[in-house]
Amino acid sequence: MSTKGDFVYAWASDAGMAERGECGGAVSSLLKYALKSRMVDAVLAVKKGVDLYDAVPTLITDPADIDETAGSLHCGTLLLPKLITKYCNGAKDTKIAVTLKGCDAKAMYELAKRNQINLDNIYMIDLNCGGSVSPAQARKMIAEKFETDPDTVIREEIDKGQFIILTEDHEHKGIKIDELEAEGYGRRPNCQRCKTKISRQCDLACGNWGVIGEKAGKATFVEICSMKGAALLDAAVKEGALDTCEPVPQGLIIRGKVENAMLKLGEKCRAEQFGNLGDGDDRLKYIIEKTSRCIKCYQCIENCPICYCVECSTKKPHLVPPGEVNPPMMFHLIRFSHISDSCINCGQCEELCAMDIPNSLFMHALQVEMEKMFGFVPGINMDLPTLALVEEPTERNRLSDTKDDQIFNIFA
Amino acid sequence: MSFRYVSTLCPFCSTGCSFNLVVQNGAVVAGGPYHRSPVNDGKTCPKGHYAYEMTAGKERIFTPLIRKNDSLTECSWEEALACITTKCKEYAGTEIALIASAHATNEDIYSLKRLAEILITDNFSSPAAVGIDASAGSIAAIADADCIVVIGNLALTHPLAARRVANAKDKGAKVAVVDTYLSPTTKLASEFIQATPGNEREAIRKAADFIVGENAYVLFGISAGDAEASIAAAALEIAEEKGAKFFAFPAQSNGRGALDIGASTPIDAVIADEKIKACYIMGTEMGPVPAEFVVVQDAFLSVSAQNADVVLPAAVFAETEGTATNAERRVQRIHQAQEPPEGVKPHWKIVVDIASALGEPLGYETPEDIFADITANIKGYEGLTYASLEKDGHLISPRKAAVTVGPEPVKVKTNKKFPLVLSMVPTIWHGFGTAGTLSKNCPTLVQEVPDIWVGISAEDAQKYNVTNGRNAVVISDTGELTVTVKVMDGIAPGTTIIPAMRMGNICACEVTGRRKNCAVRIEEVD
């Protein structure tokens, strides 16, 4: 019997699945087992679309279809949780297993806090993530920096600080991520700033870091992060879907080192990116200038895992006059004030911005400042955000009754 | 519980953005980003974002209509087809015109071309046939330009192409914008050159001095001026003079495809041709058409349809398979996301049925059959297959720009009675020109600008005694329209702007007629 805090190497019992899947196909086997055994009604994962740069979200109810999702897609820069809220009724009446990157995992919690997702009905499978590269950017980088036709690449991955590609002719090429990113290529800017590499707020955290020895490349390192995760893993092993063994002790150390190195890199990127924003007035001026290009496509709002209001304030005429393009700064101020306390740095608002406004950078910079002030860390547990400490009518009454001018005085 | 993503192409402008349609229980319920899109990297403008809403557009038609006792009455497909075939035989080829929508698929347009052949007429046109055809390689490459001159309000007409101008600017490119007013596009520029009706070519000449560098572009959006081709010719001239690449962006999503296929008889000539007695219109708003016998096949009850003799209900973009060719001449796939409603057929299928009823079957079972004919007969499309287009579509190599010089731009003559120059300008919320039918069937887009407005300088607002936010009536020699006044920065005194939109009884054309500019006066009303 496994328990929270355990580590195992795991791989698919089925040889075909072990071959098709990444690192022994443990995740695919777990998903397939969850579906077959009716522990879940559906699996939400990504499958390969037109090529390996195309990650397509797919909701699966037939266990046989899990095979389509086997393998890694590092250009999958999607955010799955909002699809659960929009198209699966927030898992309120169905049980779903879902694969998640760090940002996805954090989004799940923030949506759950806002009653948009019922986490009780969800099995969260973390896929350790060193960052993802947007499809267009990946293709451009492979063409320009690797001097390789992106259509001839059959595999890409990030390993040992390098972005590595494998071509049809079995040629390996690797370039240091630092070098790529210094020239504006590489992972999405928000991924560069990310410090959620292994999301332990999931039920099971799965990846290839720390798999060494004879199982290297043939097994997945699984960290059991909840009793729910332990139960799924145990059942899959018991029913013969999955094989496991103890991890090599040195593997555990290596995994820790990889994670730490990634976190340090994240810290460095934050310092650099936030530093470039300047401080105080300079930062504000920069934000005003960049956001002034906005064409009000609403994609930042539509795809933000923190936005959930049916009636969005940006569509209230007394706040933002309808139809005006470019919209006034109030449009962006509404977003900053509503989102920044809980921004989980998923990057969608920037990646999908029609005018390439670095929205995610601005929002994340604000979130980090607020975290320093209030100590609230979004996405790691079910704690409510700072601003939820007060309710507006109550707070207004308090201000009026006490003549206090300290808004949101959490010490009172 | 189920949902799936189906990637498709935006039916609005010619940038050629792709996005996903979200399908639940067989029906389109939302749009979603397509991160792998080759043109727009998953991003869209508001029109792309809300385009899915038109599948449930309130003006959609579901049954054929036929004019009886001067009013349109529901009828069967058989009755409608019988009427069309009988009538078609009454006219000589030269008396018949066929106008294709440049928002329809290549397959739709090609099938109509075949119908034109059956009816033995050269009057085969589309609203894209304005005498301008110029692509210059990939839109994405504009981001690497070192100097760009934009003519027109690209940020509102082709937002995701304007994004590339912003990218280039961020990388240090010099950007100049020639536009009617200080528009959102001018915010991307370091240099703004104001054009007024009649002096567009002089303004463009001024921009020539600005072009330097090895990798310069001249981007021609939709002109706010009449005599568009002449204005485009001036733009092409400065591009050629300075060795800059020249790009002209059609207003319509498949404007380039329509021309490639041959719907290229100048649209103005077809409209003005008094010999034409029968007009067949595929999915495009032409206003009331004066011909004796008018057939309209459309997804929506357009003004042309309301005034037609026979109306045939057609599918929207989300209900059809096919291809379209964007401004950079990239042929891309459109995937069907939902079945057309019962009784509704894709454009190509309607044409196929008419050809059969005329006793001249085209032999097309699927859009792919038509595409095979396109690849066999249309230059640049050789060897393409649906499968080969799945990934990034196919970018046809740039060709020499073709601009037919038309009538000279004319200065708008103002006088005491009509002292102000009015120019029609694009908005991001309404499809330009014929695409207005599409946007007005997307409620979220309509909600942003439900009413028409006129933009005026503070100086003129004071002079003519009108107030920001209040109603005023705009009057020209053609007609008048009640609008909301918007006092705006960046509008030259003596000039005013009005959005090109057509919704219900609202149409800027009430004032401008068939022109984009005219002289007006403005009076406040209660």
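This briefing covers the interface between chain B and chain A, and then a strand pair in chain A. The model is predicted. The contact draws 44 residues from chain B and 43 residues from chain A, and about 3,700 Å² is buried between the two chains, with carbon and sulfur atoms giving 56% of that area.

**Interface: area and composition**

- On the side of chain B, Met1(B), Phe3(B) and His35(B) lose the most area to chain A, and together they account for 21% of what that side buries.
- The residues of chain B that touch chain A comprise 22 nonpolar, ten polar and twelve charged residues.

**Interface: polar interactions and elements**

- The rule finds eight salt bridges across the interface of chain B and chain A, and the side chains of Arg36(B) and Asp51(A) meet in a salt bridge at 2.6 Å, N to O.
- Across this interface there are also 23 residue pairs in polar contact, both residues being at pLDDT 80 or more.
- Elements of chain B that give two or more residues to the side touching chain A include strand S2 (18-24), strand S3 (27-32) and helix H15 (443-448), while the largest share of that side, eight residues, comes from H5(B).

**Strands S2 and S3 of chain A**

- S2(A), residues 42-48, runs antiparallel to S3(A) and is joined to that strand by six bridges, one bridge pairing being that of Ala45(A) with Thr58(A).
- The two strands, S2(A) and S3(A), form a hairpin with six residues between them.
- In a regular strand, side chains alternate between the two faces of the sheet.
- In S3(A), Ala55(A), Pro57(A) and Leu59(A) on one side and Val56(A), Thr58(A) and Ile60(A) on the other are all buried, so that both faces are covered.

Methods:
Residues numbered from 1 in each chain as written. Chains lettered and ligands numbered in written order. Predicted model: local features only at pLDDT ≥ 70, side-chain atom pairs only at ≥ 80, totals over all residues. Heavy atoms only, no water. Contact = heavy atoms within 4.5 Å. Buried area = accessible area lost by both parts, 1.4 Å probe. Salt bridge = Lys/Arg side-chain N within 4 Å of Asp/Glu carboxyl O. Polar contact = N/O pair within 3.5 Å; in protein donor to acceptor, adjacent residues only side chain to side chain. Helix = DSSP H or I, 4+ residues; strand = E, 2+ residues; numbered from the N terminus. Nonpolar A, V, L, I, M, F, W, Y, C, P; charged D, E, K, R; others polar. Buried < 20%, exposed > 50% of the residue type's maximum accessible area, 1.4 Å probe, protein only. Pairing = 2+ DSSP bridges.
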